[in-house]
Amino acid sequence: SGGASGAGSGSGQAGHGGPQGRDRQQLLDATGIVISDEFEYAPPPRPPGWVGAYSPQARQLRVLQFLEKRRHRVWTKKVKYDVRKNFADSRMRVKGRFVKKEDEVLMRELMALT
């Protein structure tokens, strides 16, 4: 395995980021930490009051920034092209949907009769 990066570089990595073979043994000897394939990652302990990666002050700042952005959201719809809006307003609709041009003539005739 190993693509263009790390191929033949002697890093001992097989393209997926972990120490293999002799490098693994050297790492074990250098650190004194037992490396196991069954090792399950546990995040480092956080001081009390932390939320995720944020301290209470940093989280408060993030929440305030979010609330400020939320206050300035624009909920109104802006028409980009007046021509399109005028054309849509002039077309006939049935239950909110546009009617085909050929059907529109028939609908106008029917409406004129009633």
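**Exercise 1.** Determine what share of the protein chain's contacts with a separation of 6 or more joins residues 24 or more positions apart.

*Solution.* Take a contact as heavy atoms within 4.5 Å. Among contacts with a separation of 6 or more, residues 24 or more positions apart account for 0%. The model is predicted: local features need pLDDT of at least 70, side-chain atom pairs count only at pLDDT 80 or more, and totals for chains, interfaces and linings use all residues. Residues are numbered from 1 along each chain as its sequence is written, and side-chain values use heavy atoms, with hydrogens and water left out.

**Exercise 2.** State how Phe66 is classed by accessibility, and why.

*Solution.* Buried means under 20% relative accessible area, exposed over 50%, and partly exposed in between (1.4 Å probe, protein chains only). Phe66 has 41% relative accessibility, so it counts as partly exposed. For the chain as a whole, 6% of the 114 residues are buried.

**Exercise 3.** Find which charged side chains sit over the rings of Tyr81 and Phe98.

*Solution.* The criterion is NZ of Lys or CZ of Arg within 6 Å of the ring centre and within 35 degrees of the ring normal. Over the ring of Tyr81 lies the charged end of Arg84, 4.5 Å from the centre. Over the face of Phe98 lies Arg91, 4.6 Å from the ring centre.

**Exercise 4.** Count the aromatic pairs in the whole structure.

*Solution.* Rings of Phe, Tyr and Trp (its six-membered ring) pair if their centres lie within 6.5 Å; planes under 30 degrees apart count as stacked, over 60 as edge-to-face and the rest as tilted. The search returns 0 pairs.
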